[in-house]
Amino acid sequence: MEKKITQENFEETYVDSIELERIDKFVCDEMARQIHRYIKAMKGSKTIMLKFEEQLATLTVEQKEKAIARYIDLNRKVLSGLDFKVVLARAMANYCDTFAYLIELVNNKRKMVFYLNRIREKYEQYHEVFEEDGRFGIKDHQGNILIPAHYDFLRTPYVYVDDLRTLPVIAQRDGKMGLILPDGKETVVADFIYDDISLRDEPPYFEAWKGDEATLIEA
């Protein structure tokens, strides 16, 4: 009796485990190259760009995917103009040992849809700001609360480059600004004593003001 195809058994039925592993790897390489091109286009620091790439090189493919997804979440313009179908075609070309096999893969609509959905699930993992009773918090792409809704204002840092660190979030509470980590614990990086905090494009990433006095905050 022919096995019924369901969403749950689709991967097992249609995707060879070695093919899956290699295409995941080549897609990851393509996404890392996209970040390289983005940083270069935005005239980001070459030193930090190289540091970012050196750190990626020490990670497993799964760890790289998560690091790249986190980077994209904070720098969503990375994906501007990027066609995942092109990324996938390049990854498939690296995997295939013949042109005929490449054409077979690219023309397999079911498999293409499977891989395109897989790419989106891996790399489009966006956090969101949510509101409860007039206060704001942040959830990750799975709905886990990174910052409870305890704040009058939140601003996630969007920067051109970083070195895989988790940067703090600019927050306002009781009329004062501070910095907290999106770690689910509300870890305070800078106390809520400032009148304003702005984001810079290079380290130190934060400039805080108390009255007329400005302070650069290392975070």
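# Briefing on a predicted single-chain model

Of the 219 residues in the chain, 39% are buried. The model is a predicted one. Its chain holds 7 helices and 10 strands.

**Chain as a whole**

- The chain exposes about 12800 Å², and carbon and sulfur atoms supply 49% of that area.
- Among contacts in the chain with a separation of 6 or more, 47% are between residues 24 or more positions apart.

**Nonpolar cores**

- The largest nonpolar core consists of 32 residues. The residues with the most contacts inside this core are V27, M31, I68, L88, M92 and Y123.
- Six helices are listed as giving two or more residues to this core: α2 (17–41), α3 (46–57), α4 (61–74), α5 (84–95), α6 (99–106) and α7 (109–123).
- Helix α2 provides the largest share of this core, with 9 residues.
- Leaving out residues up to four places away in sequence, I68 touches C28, M31, A32, I35, L56 and Y123.
- Another core, of 12 residues, lies apart from the largest one. Its members include L167, A190, F206 and A208.

**The buried residue E65**

- E65 is part of helix α4.
- E65 counts as buried because its relative accessibility is 7%, and the cut-off for buried is under 20%.
- With neighbours within four places in sequence set aside, the contacts of E65 are D24, C28, K122 and Y123.

**The three-stranded sheet**

- An open sheet is built from 3 strands in the order β8-β9-β10, and the pairing is antiparallel.
- Strands β8 (196–199) and β10 (213–217) form the edges of this sheet, each pairing on one side only.
- From one strand to the next, the twist averages 25°.
- Strand β9 (residues 206–210) runs antiparallel to β10 and is joined to it by 5 bridges.
- K210 has E213, in β10, as its bridge partner.
- F206 and A208, named above as members of the 12-residue core, have numbers that fall in the range of strand β9, residues 206–210.

Methods. Residues are numbered from 1 along each chain as its sequence is written. This is a predicted model: local features need pLDDT of at least 70, side-chain atom pairs count only at pLDDT 80 or more; totals for chains, interfaces and linings use all residues. Side-chain values use heavy atoms; hydrogens and water are left out. Helices (H or I, at least four residues) and strands (E, at least two) are DSSP runs, numbered from the N terminus. Buried means under 20% relative accessible area, exposed over 50%, partly exposed in between (1.4 Å probe, protein chains only). Contact means heavy atoms within 4.5 Å. Accessible areas come from the Shrake-Rupley method with a 1.4 Å probe; for residues, only the protein chains shown count as cover. A nonpolar core is a set of buried Ala, Val, Leu, Ile, Met, Phe, Trp, Tyr and Cys residues joined through side-chain atoms within 4.5 Å. Two strands pair if DSSP finds at least two bridges between them. Axes are lines fitted to C-alpha atoms, for helices over the stretch in contact, and angles run from 0 to 180 degrees between N-to-C directions.
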